[in-house]
Amino acid sequence: MGDFQQFEQDFYQTRYYTDDQGQAVAYYDIYDSTSPDYNDDGEQAFMPEALDPSTEPQYTGQFYQPAMSPGAVGSTGTDSPEEEPPLLEELGISFDHIWQKTLTVLNPFKPADGSIMNETDVTGPIVFCFTLGVSLMMAGKAHFGYIYGISATACIGMYILLGLMSTVTVSYGCVASVLGYCLLPIVALSAFAVFYSLQGILGTLLALLVICWSSFSASKIFISTHAMEGQQLLVAYPCALLYGIFVLLAVF
Amino acid sequence: MDGSDGSQLFEDTSGAGLGSQTVYRNQQAGPQAAGIPGQSLLSDPMSNLAMAYGSSLASQGREMVDKNLDRFIPISKLKYYFAVDTVYVGKKLGLLVFPYMHENWEVSYQQDTPVAPRFDVNAPDLYIPAMGFITYILVAGLALGTQNRFSPELLGVQASSAFVWLIMEVLAVLLSLYLVTVNTDLTTIDLLAFSGYKYVGMIVGVVAGLLFGKPAYYLSLLWCCAAIFVFMIRTMRLKLLSEAAAEGRLVRGTRNQLRMYLTMSIAAAQPIFMYWLTYHLIR
C-alpha cells in the first residue's frame, strides 16, 4: 500500500480531498477512453498535470480509489490518512478558537469578538469543571457532585434568563460553553487556596476580585454574541451569583 | 452528479464519499454505496428512512412542545417583562428604597400597549423580582451559615417556603380583586412582579443585619417596609381606584371605599411578609 500512496501522490499534488478524488476518478473513468484530449484541455482543475495516457496502471489506481474514499469518512482508517481531514477538524475542536476564547476570558477589558462563539464547544468547560474539582479535592474538599449539580442548574437558569432577555435566540450549548470558560479564574483561585487559606480579609478581597473578573468576562461574551446593549451589568449579576457559589465552595 | 452512470466498473461512492457527515447527503448516495462495508449503516435505505422519520418526529415534537408551552406560559408576554436595561434597574431599585420624591407614577402607553420597562420606570418588570428571589435564597443560606445552621436541604426548604408564600399572596390578591369586581388591567404577571419587589427590601435588611448586627437589621427593615408600603400604595392606587379617587379627591361610595381598603391591605401585607420571612435569619 505504500507505493500505491506514493503513486497517487504523484497524481494529485494539490488537493487530497476525497470528493475531488472521487470526482476525479469518476471523470477519469468516463472520459478516459472516449476523449483523451480532454485532459490536455486542462479544464479539470483538480488534475493539474496531464495524466499519463497509460491506462492500465491508472485503471488499477482507479480501482482502488473508491475503496479508499470511505476511509475518509472513517470506516477503516487504515488506508490513506492523508485523505482524511484532520481528526480534530472532524471532531470540531479547533485549538486556535479554544485559545482565543481563553484569552478573551483572561483579559476582561478587551472587547470581545462576537463570532468566536459560533462553534460552541463544551470540552473546554468540562475540562475546567474537572480541574476545579481536582484542585478543591487537593485542598481537602471533595465536592464533585455539588460542582456538577450547581453548574447544570445554573446553566439551565442562565439559558432561560438569556432567552427571555435577548431578542436573538440563545442556544444552550453557547451558554454552557461561556459559563464554563469563565470558570477559569475560579480554578486559579481554588488552586491558590490549596497553598494559602482564603479566610480573612485578604482572602475575601481576592475572592471578590475573582468573582467580578469572571462575571465581567462572561457577561461581556454574552452581550457580544447576543447583541444586547445596555444589559451587561444585568447579565453580570446572575453570573456573579453563580461564581459566588463556587467561590464559597472554594473558601469554606 | 454522477450517479447514474452505466459504464462504471466500480461502485461510485463519490456521493457518499464527499466526507458528508449528514444524513441527507448520504440518502442520495445510499443505494449506490451499499457495497462499501464502512458505509453500510448510513447507506442502508431503511435506516436512512428511519433516520429521516426520526428527525422529522423530533422536529414535530419540538413544535408541539413550543405550541403548548406558549399556551401555558406566554413566552412573548414574559419577554416584555424582561426587556430591561441597567439604567431602568438602577432607577427602579432606587424607587423601591426611596419612593418619596417620585412625582409621576403613571405607566405610559403606546397605542394601547404598555411601553417596555426599558423606556418607562413605572412599568413592572420580572427581572428584579427573579433576581431578588434568588439573591434572597443565597443570602438566607449565608445567614444560616454564619449561625452554623446551614445545610443544603435547609436552602431548599427556604426557597420552597418563600415561593409558596409568594404564590399564596398572588392568589389572595387575585381573589380579592375578583370579589371586589375591580375593573383593572392588572395581569397575573403584574401582580407577581409587584409582590416580588419586596425581596429587595428583605435582602437589604438581612445584609445590614449580617454586617452590623440586630439593631441595623431592625432599622433597615423598618425603612424598607415603609418604603415598600408607600411604593405599593402609589402604584396600585393608579391601577385599582377610579381616576377621580386616584387623584386624591374624596369620592363617596362604598365601591371606592372598598377599593381603597383593598389597596391599603395589599400594601400592608408587604411589610408583614418581609418581617415574617426574615426574622428567623437574624438571631
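**Reading chain B**

Reply: Start with the elements. Chain B has twelve helices and two strands. Keep in mind that this is a predicted model.

Me: In what order do the elements of chain B run from the N terminus?

Reply: Read them off one by one: α-α-α-α-α-β-β-α-α-α-α-α-α-α.

Me: Which residues of chain B does the UniProt annotation "transmembrane region" cover?

Reply: The unreviewed entry lists 126-145, 157-179, 191-211, 217-237 and 258-277. Now compare the record with the model. Residues 157-179 of chain B are 100% helix, and their end C-alpha atoms lie 33 Å apart. Residues 191-211 of chain B are 95% helix, with end C-alpha atoms 32 Å apart.

Me: Is B:Asp190 buried or exposed?

Reply: Check the relative accessible area against the cut-off. Buried means under 20%. B:Asp190 has 6%, so this residue is buried. B:Asp190 sits in helix H8 of chain B, residues 188-196.

Me: What is B:Asp190 in contact with, beyond its neighbours within four places in sequence?

Reply: Its partners are B:Tyr81, B:Pro124 and B:Asp185. Distance along the chain is another thing to check. B:Leu126 is 64 residues from B:Asp190 along the chain, yet their C-alpha atoms are separated by 8.5 Å.

Me: Which residues touch the most other members of the largest nonpolar core?

Reply: That core has 104 residues, and B:Tyr127 and B:Tyr136 are among those touching the most other members, as are A:Phe222 and A:Tyr243. Leaving out residues up to four places away in sequence, B:Tyr127 touches residues including A:Leu161, A:Met165, B:Tyr81 and B:Phe82.

Definitions and conventions
Residues numbered from 1 in each chain as written. Chains lettered and ligands numbered in written order. Predicted model: local features only at pLDDT ≥ 70, side-chain atom pairs only at ≥ 80, totals over all residues. Heavy atoms only, no water. Core = buried A, V, L, I, M, F, W, Y, C linked by side-chain atoms within 4.5 Å. Buried < 20%, exposed > 50% of the residue type's maximum accessible area, 1.4 Å probe, protein only. Contact = heavy atoms within 4.5 Å. Helix = DSSP H or I, 4+ residues; strand = E, 2+ residues; numbered from the N terminus. UniProt positions renumbered as here; feature names shortened; annotations may be inferred.
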